[in-house]
Amino acid sequence: EILLSKAPIEVVRRMHTYRCDARAEGSTLLALLSQDVDNRRLVCTFAGRLGDKTSTVLEALSTALCTTDNPTDAKSQVGALDARAAAASTLCQLSRYGGLAELVRVIVDGNQEIKNEAASAMAKIADEDSEKDHIVATGVVSSLLEMIIVSSTPRARLLAGRVLAKVSEPGQNEHIDDVFKRINKVCAVQPELGMSCIVPTIDILLRSLDESQRAAAAQCLTSWCMVRELAKQIWFNGAEPLIDLLLTDAKVNPDGVYYAVQAMVSLGTHEDMLEDLATFTFMWEGERRGTMMAVRKVLKHAPRDITCEAAGIFYTLWEFGGLEALTDILVKEDAERATLKYCAQSLQPLCSKPVTRKRIADQAGYDLDGVGVWLSNFIMIDV
């Protein structure tokens, strides 16, 4: 009944002419009307008269999002914030009918607070696989990169990083070639800024004190490392901060450690990089650190969902010390029972080959027949 009445038209008019409280209420009403997918196209057709001009729903929402009211009383201040949040949410719901274009315009031209609301809404749009290519095609990557480089607020860098991370992730059942094309567009050098997203994102890993920002940066790198050319650039510039994130306490930054492990898994898909990954070491505050040491610490201290992936890293690097590392963990039983099981499962395929079976048996102190039974005992652990 509301959709068929003149109420939405009046709402659009009031959102242009009334104070921020009315804009918040109008945006909320439009958000409620837009919750039903079948209503969204109809909602976008409403327009209100403003003198001799006509204002559409999208223009009214954009006005609410970009409100420049400077209220002094507490109630009006809350209304101004609510107007922005409600408008951004509604534009997110109407993304396929022009809402995405309005959000992009706001990110390009708005002030910092407004950019943040728009970027938060865009991150929700990027959750839909069908919208990832559309977001990249708008050219908003340059503005998101500018938010990362120029912004002085942690929230702005975090939100921009999340959008870049989400549009870079593979969609369900998406062909890998299409994913690589999108990632290459995201990581292309932006002419306006003279750089790509890679170095500023790595810089967040290196310098940021905000663990959420570091996790979002690692999430970006996880997808970008799937592309061989980008993986080499990322490893060359970001090996040290990536390993440092691996060595972070998983209780402090579980998402960061998880995505750092995922980034290492992505790097391990490139065969010509395996030796560099396995043998990389560096000095950090008088302490020698490296890939193998960092993965070993993850296996010993991180939660199960992370250690399962970390065991796979040692399996990938089996020719360059990974086999010995997995075997040593089992010999010393130097981890949780679940981790021992994951390590044994990673060693099992190697144990089927005569040459590697002998290496495992010699290190574990068993004969060729006994090493299989020894390994099975770990695989049978009930977790």
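1. Trp235 is buried (under 20% relative accessible area, where exposed is over 50% and partly exposed in between, with a 1.4 Å probe and protein chains only), at a relative accessible area of 9%. The model is predicted, with local features needing pLDDT of at least 70 and side-chain atom pairs pLDDT 80 or more, while totals for chains, interfaces and linings use all residues. Residues are numbered from 1 along each chain, and side-chain values use heavy atoms, without hydrogens and water.

2. Six aromatic pairs are found in the whole structure; rings of Phe, Tyr and Trp (its six-membered ring) pair if their centres lie within 6.5 Å, with planes under 30 degrees apart stacked, over 60 edge-to-face and the rest tilted. Trp235 and Phe280 are edge-to-face, because their centres are 5.3 Å apart and their planes at 65°. Trp235 belongs to helix H14 (228-246) and Phe280 to the loop between helix H16 (274-279) and strand S3 (281-284), so the pair ties together parts 45 residues apart in sequence. Phe280 is partly exposed at 22% relative accessibility.

3. Phe282 and Trp284 also form an edge-to-face pair, with 5.9 Å centre to centre and 75° between the planes. Phe282 is buried, at 6% relative accessibility. Ring pairs join Trp235, Phe280, Phe282 and Trp284 into a cluster.

4. One cavity of 30 Å³ or more is present; a cavity is a set of points on a 1 Å grid over the protein atoms alone where a 1.4 Å probe fits but cannot get out, and lining residues have an atom within 4 Å of a point. Helix H13 gives the most to the lining of the largest cavity, with four residues.

Conventions: 1 Å grid on protein atoms, 1.4 Å probe; cavity = no way out; pocket = protein on both sides within 12 Å on 5 of 7 lines; lining within 4 Å. Points joined across faces, edges and corners; volume = space filled by probe spheres on them. Helix = DSSP H or I, 4+ residues; strand = E, 2+ residues; numbered from the N terminus.
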